[in-house]
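This report describes the architecture and selected side-chain interactions of one protein chain. The sequence and the coordinates are shown first, and the description follows.

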Amino acid sequence: MTNHSRLLVIASACLLVAAGCGPTSAETPPGGDGGVPDAPAGSEGGGGDGGGGDDGGVAPAGSILILLPADTTVTVAGGAVANLDYWVILRSPGTYDIEVTAEASFWVDDPALGTFSGTHFTGAPGAVGQTTVRAAARGLEAQTSLTLAVQSVVIGTGAPADAATRFSGAADPTRAPTIVYPESGVLVPPNLNEFQFHFLPGTGNTLFHLGFRKGSIAIDVYFGCTTLGSGCVFAPDETTWSILSQSLRGLGPATYSLRGVDGASPGGVGTSAEQTILFGEQDIRGGIYYWNAGAGKIRRYDFGRRGQTAENYMDRQRAGAMTCVGCHVLSNDGRRIAVGLDIPAPSPYKVFDVATRTLVYNQGTMLGGGANFFSFSPDGSQILTSGGVNIVWRDATDGSPIAPTPLVPTGTMPDWSPDGTRMVFAKSHQPPPTAAPGVTSAELATMTFNGTTWSGATTLVPFNNQNNYYPTFSPDSAWVLFNRSPSNHDSYDSPDAELWAVAAGGGTPLHLAHASTGGDSWPKWATTVQTYDGKPLLWLTFSSRRAFGLQLAAGTRAQLWMTAFDPEAAAAGQDASYPAFWLPFQELDSGNHIAQWVTEVVRQPCTTGDECEGNEFCENGRCVPPID
């Protein structure tokens with residue numbers, strides 16, 4: 001850029017700064033050279049190569065610095081990074097404007113939006129928002145605003161290239177589409193591999209537009225109707241999902257609405273009610289092992305492996321069962337799994353090494369001595385087992401009892417806290433025999449552990465004509481999630497089961513009403529504590545026979561659902577949950593239950609593919625399934 005051209009930019013830009021432009025701003029200063037601002041930008045650093053023209057030193061009295069470009073908005077497509085060059089002008093009374101970029105240092109107030117390298121600002125990936133850019137030279141400082149914006153247009157399946165031009169007609173409420181799924185206010189992990197929007201198209205509509213808005217972010221997606229039941233489904237492809245999730249990650253509620261029009265003969269435009277969606281700040285890591293009831297198998301899903309659907313992990317042949325494998329629990333690190341065989345009953349069970357699927361030990365027969373409920377100690381060396389009546393404390397290497405008699409004479413469904421200091425369990429107020437393998441008329445109780453011995457039991461949630469069961473500790477050991485049947489139905493597939501939570505140290509239980517609509521069972525926490533908006537955030541899963549949009553009617557089959565949990569809201573006595581979303585890796589044609597989380601999906605080690613089973617192959621020293 002020539003000095004004269006740059007000064008023309010300065011002359012117009014200075015109209016935006018408080019100092020204004022004096023007569024000399026239109027004259028060419030001695031020296032000076034530099035780049036034209038590219039487009040998008042970032043933050044931090046110092047120095048440049050812009051030219052000088054005097055001897056440097058302290059600026060004369062009455063001088064000001066001018067930082068350019070002034071008050072800039074940089075708009076990029078979703079997933080792109082902002083880039084912008086800055087320069088600095090010294091204006092002193094009675095002399096020419098002088099470029100002092102080479103002497104200046106640059107920074108931004110919010111480094112989360114980007115950083116400087118010399119005079120060049122580079123935005124952080126996905127960064128949006130407003131900040132102040134600052135520069136200092138010759139004992140003076142200048143500042144200007146910088147806004148990073150995202151504007152993306154996606155032409156999806158079934159939409160013409162000029163789809164955006166076909167929505168210019170007048171508003172027509174009679175054509176309004178209706179969003180059926182997801183529910184407004186849902187919070188989802190940014191690395192969820194697949195997501196679906198189900199909707200009723202509205203009268204005469206064949207072309208659709210989802211418009212997402214959050215501050216300086218505008219994402220517009222156009223698509224046709226892919227038929228699903230009585231309506232349509234839109235499933236963003238990987239690129240579109242990346243634009244949405246990376247642009248909106250951690251920014252709070254984004255609004256969106258669905259518009260519909262006759263794509264062939266555009267006219268009136270129908271618009272749905274506005275909804276909100278939120279994306280978490282951090283990716284979900286770890287894995288889920290769940291029971292596919294239709295096939296009697298345990299399947300697993302690895303959140304760290306993009307493109308993978310659920311894979312078979314354990315079936316009856318591998319486990320040595322007669323009919324199926326079902327009830328299961330894993331150590332927190334994912335290295336051991338306990339599996340109940342041929343349920344329902346106080347069934348025989350086996351403990352396996354997860355990576356190699358080799359047997360560690362087995363316990364019980366169909367005639368007794370087995371268990372349906374288990375919980376490993378945090379280090380995986382010990383295990384609590386229950387056949388539905390009492391709880392036995394065992395060595396996890398061979399199953400031998402650590403205590404000579406049952407640790408808990410009356411109790412079931414034990415869960416050992418991740419910090420190792422407590423156990424929570426369900427205790428029935430109905431004398432045996434109970435509803436095997438479940439529980440009826442139960443309270444929740446806890447026991448503390450000092451590393452060698454357990455205390456007596458203390459009531460955590462009393463029985464008040466409502467059955468309380470399936471308790472589980474949060475990953476920080478601060479909360480207990482559990483099921484409650486308001487009608488005191490037994491725990492085995494209760495139709496009115498709800499999700500509740502209570503502080504691990506005691507308090508008033510909270511109904512997670514935003515997430516739980518009834519018939520929601522087997523709640524389980526994810527294994528890590530995340531942050532959202534500067535506060536802790538937890539995730540949990542459960543099985544439910546609720547309707548899945550237009551895909552499954554209510555009461556059809558149990559599916560795995562997920563929701564977020566806000567501990568600060570819970571501590572304030574508020575509903576801590578968000579609307580739940582369906583987990584996309586599972587099978588629609590089977591009931592799916594008991595989604596047990598682990599910090600890592602531990603796999604068979606390998607050096608070549610010969611050690612791997614079935615269609616698995618060796619990748620980075622581990623046997624992995626193929627990507628779909």
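Two strands are taken to pair if DSSP finds at least two bridges between them; strands themselves are DSSP runs of E, at least two residues long, numbered from the N terminus. The model discussed here is a predicted one.

**Overall composition**

The secondary structure of the protein chain comes to four helices and 47 strands. Of the 628 residues in the chain, 54% are buried. Among contacts between residues at least 6 apart in sequence, 59% join residues at least 24 apart.

**Strand pairing around β14**

Strand β14 (residues 197–200) pairs with strand β12 (residues 178–181) in the antiparallel sense, over three bridges. Within this pairing, isoleucine 179 stands opposite phenylalanine 199 of β14. Strand β14 also pairs with strand β18 (residues 231–234), again in the antiparallel sense and over three bridges. Here histidine 198 stands opposite valine 233 in β18.

**Helix α2 and its cover**

Helix α2 spans residues 238–248, and its buried residues are Thr240, Trp241, Ile243, Leu244, Ser245, Ser247 and Leu248. An α-helix has 3.6 residues a turn, so residues three or four places apart point the same way. The buried residues of α2 are covered by elements that include β11 (140–155), β13 (186–188), β15 (207–214), β16 (217–224), β19 (254–261) and β21 (275–279). After α2 comes glycine 250, which has a positive phi, near 70 degrees.

**A buried threonine in a loop**

Threonine 101 is located in the loop between β6 (98–99) and β7 (105–108). Is this residue, threonine 101, buried or exposed? Threonine 101 has a relative accessible area of 2%, and because the cut-off for burial is under 20%, threonine 101 counts as buried. Its side chain reaches the backbone nitrogen of valine 88 at 2.9 Å.

**Salt bridges**

The structure holds 18 salt bridges.

| Aspartate 162 | Arginine 166 | 2.9 Å |

Aspartate 353 is buried, at a relative accessible area of 17%, whereas arginine 336 is partly exposed at 27%. Salt bridges with shared partners also join Arg300, Asp302, Glu311 and Arg603 into one network.

In the remaining pair of the table, aspartate 162 is partly exposed, with a relative accessible area of 35%.

**Nonpolar cores**

In soluble globular proteins, nonpolar side chains tend to be buried together. The largest nonpolar core of this model has 94 residues, of which Phe565 and Phe581 touch the most other members. Leaving aside residues up to four places away in sequence, phenylalanine 565 touches Trp479, Ala501, Leu512, Trp525, Leu537, Leu538, Leu540, Ala570 and Ala576. Another core, of 21 residues, lies apart from the largest one, and its members include Val424, Phe482, Val502 and Ile594.

**Aromatic pairs**

The structure holds 39 aromatic pairs. One of them, formed by tryptophan 393 and phenylalanine 449, is edge-to-face, with 5.6 Å centre to centre and 85 degrees between the planes. Which parts of the chain does the pair of tryptophan 393 and phenylalanine 449 tie together? Tryptophan 393 lies in strand β31 (residues 391–395) and phenylalanine 449 in the loop between β34 (442–448) and β35 (458–461), so the pair ties together parts that are 56 residues apart in sequence. Tryptophan 393 is buried, with a relative accessible area of 8%, and phenylalanine 449 counts as buried at 13% relative accessibility.

Conventions: Residues numbered from 1 in each chain as written. Predicted model: local features only at pLDDT ≥ 70, side-chain atom pairs only at ≥ 80, totals over all residues. Heavy atoms only, no water. Buried < 20%, exposed > 50% of the residue type's maximum accessible area, 1.4 Å probe, protein only. Polar contact = N/O pair within 3.5 Å; in protein donor to acceptor, adjacent residues only side chain to side chain. Salt bridge = Lys/Arg side-chain N within 4 Å of Asp/Glu carboxyl O. Contact = heavy atoms within 4.5 Å. Core = buried A, V, L, I, M, F, W, Y, C linked by side-chain atoms within 4.5 Å. Phe/Tyr/Trp six-rings, centres within 6.5 Å; stacked < 30°, edge-to-face > 60°.
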